[in-house]
Structures are given as C-alpha cells and as structure tokens.
Amino acid sequence: MISLFGLTGAFFVLLFGASYFFYRKNSPVQYGISLSSMLISIFLFLYSIFGVGGFEGMGLGALAAALFLASVLSLFVSVLFNIVNRHGKGAV
C-alpha cells in the first residue's frame with residue numbers, strides 16, 4: 001500500500017513537471033495547472049465528506065489532501081523557480 005507521502009511526491013513530480021513544461025514555453029498556464037488541481041482537490045475533499053462518507057470517503061479525503069499538498073508545493077516551487085531565474089537575468 002502506498003503511503004501518503006509517496007502519493008504526495010508522485011503528484012508533486014507530475015504537477016511540477018507539467019508546470020516546468022509550460023514554463024519553458026513562456027505560457028501563463030504554468031500557474032493554472034497547480035491552481036486548478038487545488039480547486040479539484042477541495043471539491044474532491046468536500047465530496048468525500050458529504051457524498052461518500054465512511055471509510056471510502058476517508059480514503060478519498062486522504063487522496064484529496066495529498067493532491068492539495070502537492071499542488072501547494074508545486075505552485076510554491078514554480079514561483080520560486082521563476083523568481084530565481086528572473087533575478088539571474090537582471091530583472092527584479
């Protein structure tokens with residue numbers, strides 16, 4: 001059985017990889033990926049509480065929590081990566 005940290009790490013690699021792909025193309029979609037996955041995880045968490053319930057809902061809630069944490073970390077690292085690269089090019 002995969003742990004919550006492993007699932008969060010897998011989501012992070014997937015989200016950051018997609019964000020980096022769009023960063024290289026200078027597209028504003030790089031931030032939209034993480035933000036949309038945050039919204040999806042919030043709705044998934046609410047559905048796990050009110051729609052599913054029980055142990056199945058608890059598992060779905062854990063999946064939503066892992067996705068939310070990975071989304072926040074991916075957005076933070078993407079923004080930090082963008083700031084560092086702009087600062088190295090002479091822009092503020």
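**Reading helices and a surface patch**

Me: I would like to start with the helix α1: which of its residues are buried?

Reply: Thr 8, Leu 15, Ser 19 and Tyr 23 are buried in α1. Here buried means under 20% relative accessible area, exposed over 50%, and partly exposed in between (1.4 Å probe, protein chains only). Before we go on: this is a predicted model, where local features need pLDDT of at least 70, side-chain atom pairs count only at pLDDT 80 or more, and totals for chains, interfaces and linings use all residues. Residues are numbered from 1 along each chain as its sequence is written, and side-chain values use heavy atoms, with hydrogens and water left out.

Me: How do I read the positions of the buried residues around α1?

Reply: The general idea is that an α-helix has 3.6 residues a turn, so residues three or four places apart point the same way. In α1, the buried residues fall within an arc of 85 degrees when seen down the axis, so they line one face of the helix. That arc is taken from the directions that run from the helix axis to the C-beta atoms. Val 13, Leu 14 and Arg 24 are exposed on the other side of α1.

Me: What span should α1 have, and what follows the helix?

Reply: A helix is expected to span 1.5 Å times one less than its number of residues. For α1 (residues 4-24), with 21 residues, that gives 30 Å, and the end C-alpha atoms are 30 Å apart, which agrees. Asn 26 follows α1 and has a positive phi, near 55 degrees.

Me: How does α2 read by that rule?

Reply: Its 24 residues should span 34 Å, and the end C-alpha atoms of α2 are 32 Å apart, which agrees. Just after α2 comes Gly 53, with a positive phi of about 70 degrees. The buried residues of α2 are Gln 30, Ile 33, Ser 34, Ser 37, Met 38, Ser 41 and Ser 48. Take Ser 48: its relative accessible area is 3%, so this residue is buried. From Ser 48 to Met 58 there are 10 residues in sequence and 6.8 Å in space, C-alpha to C-alpha.

Me: Which residues form the nonpolar patch on the surface?

Reply: The patch is made of Leu 39, Ile 42, Phe 43, Phe 45, Leu 46, Ile 49, Phe 50, Phe 68 and Val 72, with about 880 Å² of accessible area together. The elements giving two or more residues to this patch are α2 (29-52) and α3 (54-88), and α2 brings the largest share, seven residues. Areas come from the Shrake-Rupley method with a 1.4 Å probe; for residues, only the protein chains shown count as cover.

Me: Are Ile 42 and Val 72 buried, exposed or partly exposed?

Reply: Ile 42, in helix α2, counts as partly exposed at 39% relative accessibility. Val 72, in helix α3, is partly exposed too, at 34%.

Me: And the whole chain: how many helices and strands are there?

Reply: There are three helices and zero strands; helices (H or I, at least four residues) and strands (E, at least two) are DSSP runs, numbered from the N terminus. The radius of gyration is 15 Å, well over the 12 Å of the globule rule for 92 residues, so the chain is more spread out than a compact globule. That radius is taken over C-alpha atoms, and the rule is 2.2 Å times the number of residues to the power 0.38. Along its principal axes the C-alpha trace spans about 55 × 25 × 20 Å, and 25% of the 92 residues count as buried.

Technical notes:
Patches are made of residues with over 30% relative accessible area and no salt bridge: like charges are joined within 9 Å, nonpolar side chains (Val, Leu, Ile, Met, Phe, Trp, Tyr) within 5 Å. A salt bridge is a side-chain nitrogen of Lys or Arg within 4 Å of a carboxyl oxygen of Asp or Glu.
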